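Keep the model open as you read.

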Amino acid sequence: MQKLGNDELKKLDILNKGYHYRVPAVGVKLIDGKLTANTDYPGFKIYYSEDNTEPTLKSKEYKGAIPFNSKSTYKFRVITPIGDLGIVSTY
């Protein structure tokens, strides 16, 4: 999985102006008052919002566990360098 996410799928973004493939979904879990997120394949950037809006490339990039606020609605998604969007995960 490491090689697939970090190497092979990234090549598809470049070859022949990019190929479209299934972008991995984001798994989200609450651990000790913080939200943690990951994908099936490593190497993808996860973007998130805290105000119930759809994440875009202008949203915050997930870099590690974030403090959970029960009054907020969090949305996470993978966005590839060529703009392909993964399924939104809501918490």
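Start in a loop. The backbone nitrogen of D84 lies 3.0 Å from a polar atom of the T80 side chain. This is a polar contact, meaning a pair of N or O atoms within 3.5 Å; within protein, one must be able to donate a hydrogen and the other to accept it, and residues adjacent in sequence count only if both atoms are side-chain atoms. T80 is found in the loop between β6 and β7. T80 is buried, with a relative accessible area of 1%. Buried means under 20% relative accessible area, exposed means over 50%, and partly exposed lies in between (1.4 Å probe, protein chains only).

A word on the source. This is a predicted model, in which local features need pLDDT of at least 70, side-chain atom pairs count only at pLDDT 80 or more, and totals for chains, interfaces and linings use all residues. Residues are numbered from 1 along each chain as its sequence is written, and side-chain values use heavy atoms, with hydrogens and water left out.

Now the sheet around β6. Strands (E, at least two residues) and helices (H or I, at least four) are DSSP runs, numbered from the N terminus. Two strands pair if DSSP finds at least two bridges between them. Four strands form an open sheet in the order β4-β3-β6-β7, with antiparallel pairing. β4 (60-61) and β7 (89-90) stand at the edges with a single partner strand each, so one side of each has no neighbour in the sheet.

Strand β3 (residues 46-49) is joined to β6 (residues 75-78) by four bridges. I46 stands opposite V78 in β6, and S49 stands opposite K75.

Next, the hairpin. β1 (residues 26-31) and β2 pair in the antiparallel sense over six bridges. Two residues lie between these strands, and D32 in the turn has a positive phi of about 50°. I31 stands opposite K34 in β2. β2 also pairs with β5 (residues 66-67), antiparallel, through two bridges. In that pairing L35 stands opposite I66.

Finish with the rings. The structure holds five aromatic pairs. Rings of Phe, Tyr and Trp (its six-membered ring) pair if their centres lie within 6.5 Å; planes under 30 degrees apart count as stacked, over 60 as edge-to-face and the rest as tilted. Y48 and F76 have ring centres 5.6 Å apart and planes at 25°, so the pair is stacked. Y48 lies in β3 and F76 in β6, so the pair ties together parts 28 residues apart in sequence. Y62 and F76 have ring centres 6.3 Å apart and planes at 75°, so this pair is edge-to-face. Y62 lies in the loop between β4 and β5, so its pair with F76, in β6, ties together parts 14 residues apart in sequence. Ring pairs link Y48, Y62 and F76 into a cluster.
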